[in-house]
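Please look over the sequence and the structure shown here before reading on. The report that follows takes up aromatic rings and then the ligand.

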Amino acid sequence: MSFGLSRGKDLDHGDFGITADQLPAAEDGPFDPRGWFEQPANPFELEIGSGKGTFLVQQSVLQPETNFLGIEWAGEFFRYAADRIRRHQMTNVRMLHVDASEFIRFWCASGVARVIHLYFSDPWPKSRHHKRRVIQDESLRQFHRVLQPGGELRLVTDHPELWAWYENHAERNQELFSRSQFDSPESAQENEVVGTNFERKFAREGRPFHSMTLHRVGD
Ligand SMILES: C[S@@+](CC[C@H](N)C(=O)[O-])C[C@H]1O[C@@H](n2cnc3c(N)ncnc32)[C@H](O)[C@@H]1O
């Protein structure tokens, strides 16, 4: 499917976009993605499903000492976001073109991330597609593994049924995460929860939003 995002321009992700063929072999076991950044010792945050990369572009300038990895499986969105990051020369941001759930499960080392952001994830409303939702019991176990002690999973959605799914998963995984209210990032504008593209589109339609922060339990 084409979303016409490039408007006929060649999108160039340069060194800011990382593709699946650049990953080490899965059989070699997990590796530390912080090595992709110029300052690998800096705090590290992941965004799953970055779309056009608006959250990354807005927030990374306010947090220059944090490295952000956006993961996007749709090629057109990946190329659009990575090109945008290259044009802004955001050296603390990289885009990765893979399935985030697989990357986190099979490639990402333990205890590396301070925050995982998941904003306006696809709701997959049909029952037979629920297994495609990013939040699952298994993915929560994996997020717990890759987060550092004190780390956070930050969730926002407009979709009432996906919100109920999040609440159920939070409720039955309390040994992994404790729930609190969501505090908007500094880059959010007045009356915004985060300020992503989908949030702005849905806000124009008058949809209400739901949000929570899940704090990693344990050392
Ligand atoms: C509804 S859009 C939201 C985009 C952006 N977060 C926003 O709020 O504007 C969901 C995005 O997540 C991506 N996505 C969904 N599941 C994914 C996965 N498992 N790995 C990587 N990207 C995923 C989709 O391709 C899509 O770009």
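## Aromatic pairs

Rings of Phe, Tyr and Trp, the last taken by its six-membered ring, count as a pair if their centres lie within 6.5 Å. In this model, which is predicted, a search of the whole structure on that basis finds ten aromatic pairs.

One of them is formed by Phe 55 and Tyr 119, whose ring centres are 5.3 Å apart and whose planes stand at 80° to each other. Planes over 60 degrees apart count as edge-to-face, so the pair of Phe 55 and Tyr 119, at 80°, is edge-to-face.

Which residues come nearest to the ligand? Of the 16 residues around it, these are Gly 49, Glu 72, Ala 100, Tyr 119 and Thr 196. Sorted by class, the shell around the ligand has eight nonpolar, five polar and three charged residues.

A nitrogen atom of the ligand lies 2.8 Å from a backbone N or O atom of Gly 49, and a backbone N or O atom of Ala 100 is found 2.9 Å from a nitrogen atom of the ligand. For Phe 198, a polar backbone atom lies 2.9 Å from an oxygen atom of the ligand. Taken alone, the ligand exposes 600 Å², and the protein buries 93% of that area. The space that the ligand takes is the largest pocket.

Methods: Residues are numbered from 1 along each chain as its sequence is written. This is a predicted model: local features need pLDDT of at least 70, side-chain atom pairs count only at pLDDT 80 or more; totals for chains, interfaces and linings use all residues. Side-chain values use heavy atoms; hydrogens and water are left out. A residue is near a molecule or strand if one of its heavy atoms lies within 4 Å of it. A polar contact is a pair of N or O atoms within 3.5 Å; within protein, one must be able to donate a hydrogen and the other to accept it, and residues adjacent in sequence count only if both atoms are side-chain atoms. Accessible areas come from the Shrake-Rupley method with a 1.4 Å probe; for residues, only the protein chains shown count as cover. On a 1 Å grid over the protein atoms alone, a cavity is a set of points where a 1.4 Å probe fits but cannot get out, and a pocket is an open set with protein on both sides within 12 Å along at least five of seven lines; lining residues have an atom within 4 Å of a point. A molecule sits in a cavity or pocket if more than half of its atoms lie within 2 Å of its grid points. Ala, Val, Leu, Ile, Met, Phe, Trp, Tyr, Cys and Pro count as nonpolar, Asp, Glu, Lys and Arg as charged, and the others, Gly among them, as polar. Rings of Phe, Tyr and Trp (its six-membered ring) pair if their centres lie within 6.5 Å; planes under 30 degrees apart count as stacked, over 60 as edge-to-face and the rest as tilted.
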